[in-house]
Amino acid sequence: PLDKIGATFILSDPALVTTAMYVVYAERRGYLPEVLRMNASHVIYRQWFWDERTFPPENAHKLMVEYIAHRIRYMSRRHHHTNIPGYNPAEAGATPVQEVAFSLACAKAITEECMKVGLDPDDVVPGFYYHAHFGSDFFEEIAKLRAYRRMWARMFKEQFGCKSPDSLRIEMCPQTAGMSLTRQEPLNNIIRNTIATLGLALAGVDQIFTTAYDEALCTPTEEAARIAIRTQQIIYHETNIPNVAD
């Protein structure tokens, strides 16, 4: 039931094409675009941080703005139209401070381009979500995510005049660091991922992506994917950690 489940497309460059395909598929099953619940990571220069570029900046921004405008106008606002990347620059070697700087600059640039075509920031910004990185420095990474919330709210209130609480609150969907995992003694990566997942719970994030312990060796096996899920479930259901702020 496409109106009751959320679909997340980790896409970047082909986001516009894949979204169009998904909408047509849904329409053929009898669903209107406005009922679809869909997240997309369509920052078209996201791959530059660790791979190769496909669109120059001017073209990338033009396509992203067109995509955002279409999502606001025709599709459900229950899910997010733009992934603000932090994980990618961090995996490519950025420090936590640099990750925050790249991420906020990205959100600022996209919002400025949207305003140039007449979009209201309070319509645009609630559709952002932050794909953050959680590395091996436990307390620094928790502090980074808390500081990010304050910087986000201040930037969009003071620089863009946003008034909606949804604009000033960024939804965080972080991931435990793949770069922290080793191919030697890979079962130890389960411990590394557990510590990072605990840190994300203490940072009060909205969603958690626990990386598979065998990422340094292969595409995740079914066993590794199951252990990643169980790591979250044990912390959530068996420890009472999510019941307090710290």
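User: How do H4 and H6 pass each other, in a left-handed or a right-handed crossing?

Analyst: H4 passes H6 in a right-handed crossing, where a crossing is right-handed if the near helix is turned clockwise from the far one by less than a right angle, and left-handed if anticlockwise. Helices here are DSSP runs of H or I with at least four residues, and strands are runs of E with at least two, numbered from the N terminus. This is a predicted model, in which local features need pLDDT of at least 70, side-chain atom pairs count only at pLDDT 80 or more, and totals for chains, interfaces and linings use all residues. Residues are numbered from 1 along each chain as its sequence is written, and side-chain values use heavy atoms, leaving out hydrogens and water.

User: At what angle do the axes of H4 and H6 cross?

Analyst: Axes are lines fitted to C-alpha atoms, for helices over the stretch in contact, and angles run from 0 to 180 degrees between N-to-C directions. The axes of H4 (residues 96–116) and H6 (residues 138–158) cross at roughly 25° and come within 11 Å. H4 and H6 are therefore roughly parallel to each other, a term for angles under 35 degrees, while over 145 is roughly antiparallel, 65 to 115 roughly perpendicular and the rest oblique.

User: How does H2 pack against H4?

Analyst: H2 (residues 57–74) and H4 pack at an angle of about 70°, with their axes 9 Å apart, which makes H2 roughly perpendicular to H4. The crossing of H2 and H4 is right-handed.

User: Which strand does E1 join, and how many bridges are there?

Analyst: Strands pair if DSSP finds at least two bridges between them; four bridges join E1 (residues 6–9) to E2 (residues 37–40), and these strands run parallel.
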